[in-house]
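The sequence and structure are shown first.

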Amino acid sequence: MALLEVKNLKTYYFLPESVVKAVDGVTFSMEKGEMLAVVGESGSGKSTLGLSILRLVPRPGRIVGGSIFFDGIDLISLPEEEMCKIRGRRIGAVFQDPLTSLDPLMRVGEQIVETLLTHFEMSKDEARAQAMKYLELVGISPERFYDYPHQFSGGMRQRAMIAMAVATKPSLIIADEPTTALDVVMQAQIMDVFTRLKEELDISFILITHDIALAVETADRIAVMYGGHLVELARSEIIFEKPLHPYTRALLEAVPNVEAKDRELKYIPGNPPDLSSPPPGCRFHPRCPYATEKCRREEPPSMIIKDQLVKCWLYG
C-alpha cells in the first residue's frame with residue numbers, strides 16, 4: 001500500500017469576485033522512503049498542494065473535491081481533533097521561512113522539547129535529551145540548545161526546523177521551499193541532511209521547489225505542476241534525460257549551464273496563467289511553441305507513456 005495517495009484533489013480560493021483554482025484535479029501517489037519533488041513556477045499550486053495534505057489551507061481557501069489517503073487514513077474526512085494527532089506527529093513540515101516559524105521569544109531547544117511533550121508521554125528531562133540528540137543529528141551542536149532563533153544563521157534556523165520536524169519520527173515530511181534565500185553551499189548542506197535522514201530514518205519527503213536542477217539532483221521522482229495541474233511525473237533521471245511535456249523541457253533549458261559556453265540561455269516567454277480565469281484547453285498553450293488548435297480548445301487528459309505521466313496533446 002502506498003504511503004500517500006492523492007486523487008483528483010481540488011483546492012480553490014474563494015475571493016469576493018472570483019474563484020482561484022490553485023490545485024485543480026491533481027492525482028499522484030508516493031511510497032515509503034521516497035523523496036518526491038514538486039516543481040514549477042510561482043503560482044503553479046505547489047505550496048497549496050502541500051498545505052492541502054496538511055489540512056492547513058488558509059482562508060478563503062478550501063478543499064472542494066478529491067481525496068487524500070495517508071497510510072490508509074482519509075485525511076479530508078478526518079475530524080480536526082484527529083488530524084492534529086497526525087499533523088506534526090506522523091506528517092511533519094518544514095516551511096519556507098524558519099524565522100517566522102520559530103518563536104523569537106523562546107529558546108530553539110525548548111521549542112523542540114515542547115513539540116516532543118505535545119506528542120509523547122515523557123518527562124521534560126527525557127524530552128530535552130531527545131531534543132539535543134536531534135539538533136546534533138542535523139549538524140547543530142547541543143551547546144546551542146539554549147540559543148534564541150535570532151542567534152542562529154539562516155541555514156542553522158532551517159536545520160533547527162528540520163530537527164523539530166524529525167523529532168516526532170514522522171513517516172512523511174513536507175518541505176516547502178526549504179532552501180530559498182540560502183546560498184548554494186548552505187542549500188547543498190540542507191539537501192544532504194534531507195538525503196541522510198531519508199536513508200537513516202526511512203522518512204519520506206515531499207520537496208516543494210521552483211529549482212528543477214535541485215530536484216533532479218536529490219529527488220527520486222519529480223512532479224511538474226503548471227497552472228494548478230500536474231503536467232508530468234516520472235523518475236528524476238527520466239525527467240532529466242527525456243522530458244515529455246514542453247513546460248518541463250522549458251524549465252530544464254532555462255537552467256544555466258556553465259559548461260555549455262556557446263549555448264544561449266533560454267527563458268519561458270509570457271506569464272503563468274491567471275487561475276481565477278485560466279485559458280481554455282491546455283493551460284500552457286499560450287506559452288507553448290508546439291500548441292495546436294486542439295490545445296487551445298480541449299484540455300488534454302493525463303496519459304502514461306511507459307513509466308512517465310504526461311498531460312499533453314502531443315502524445316494523445
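A salt bridge is taken here as a side-chain nitrogen of Lys or Arg within 4 Å of a carboxyl oxygen of Asp or Glu. The model is predicted, and it holds 16 salt bridges. Three of these pairs are set out below.

| Pair | Closest N and O atoms |
|---|---|
| Glu41 and Arg287 | 2.9 Å |
| Glu110 and Arg128 | 3.6 Å |
| Lys266 and Glu253 | 4.0 Å |

Glu41, in the loop between β3 (35–39) and α1, and Arg287, in the loop between α10 (246–253) and α11 (293–297), are 246 residues apart and link distant parts of the chain. Arg287 has a relative accessible area of 7% and is therefore buried. Glu110 in helix α4 (residues 108–119) is 18 residues apart from Arg128 in helix α5 (residues 124–137), and both residues of this pair are buried. Lys266, in the loop between α10 and α11, and Glu253, in helix α10, tie together parts that are 13 residues apart in sequence. Lys266 is partly exposed, at 47% relative accessible area, as is Glu253, at 34%.

Helix α1 (residues 46–54) is largely enclosed by the rest of the structure, because eight of its nine residues are buried. Among them are Leu49, Gly50 and Leu51.

The open sheet comprises four strands in the order β2-β1-β4-β5, with antiparallel pairing. Its edge strands, β2 (19–30) and β5 (73–74), each pair on one side only. Strands β1 (residues 4–14) and β4 (residues 61–70) are joined by eight bridges, and Val6 stands opposite Ile68 in β4.

Key:
Residues are numbered from 1 along each chain as its sequence is written. This is a predicted model: local features need pLDDT of at least 70, side-chain atom pairs count only at pLDDT 80 or more; totals for chains, interfaces and linings use all residues. Side-chain values use heavy atoms; hydrogens and water are left out. Two strands pair if DSSP finds at least two bridges between them. Helices (H or I, at least four residues) and strands (E, at least two) are DSSP runs, numbered from the N terminus. Buried means under 20% relative accessible area, exposed over 50%, partly exposed in between (1.4 Å probe, protein chains only).
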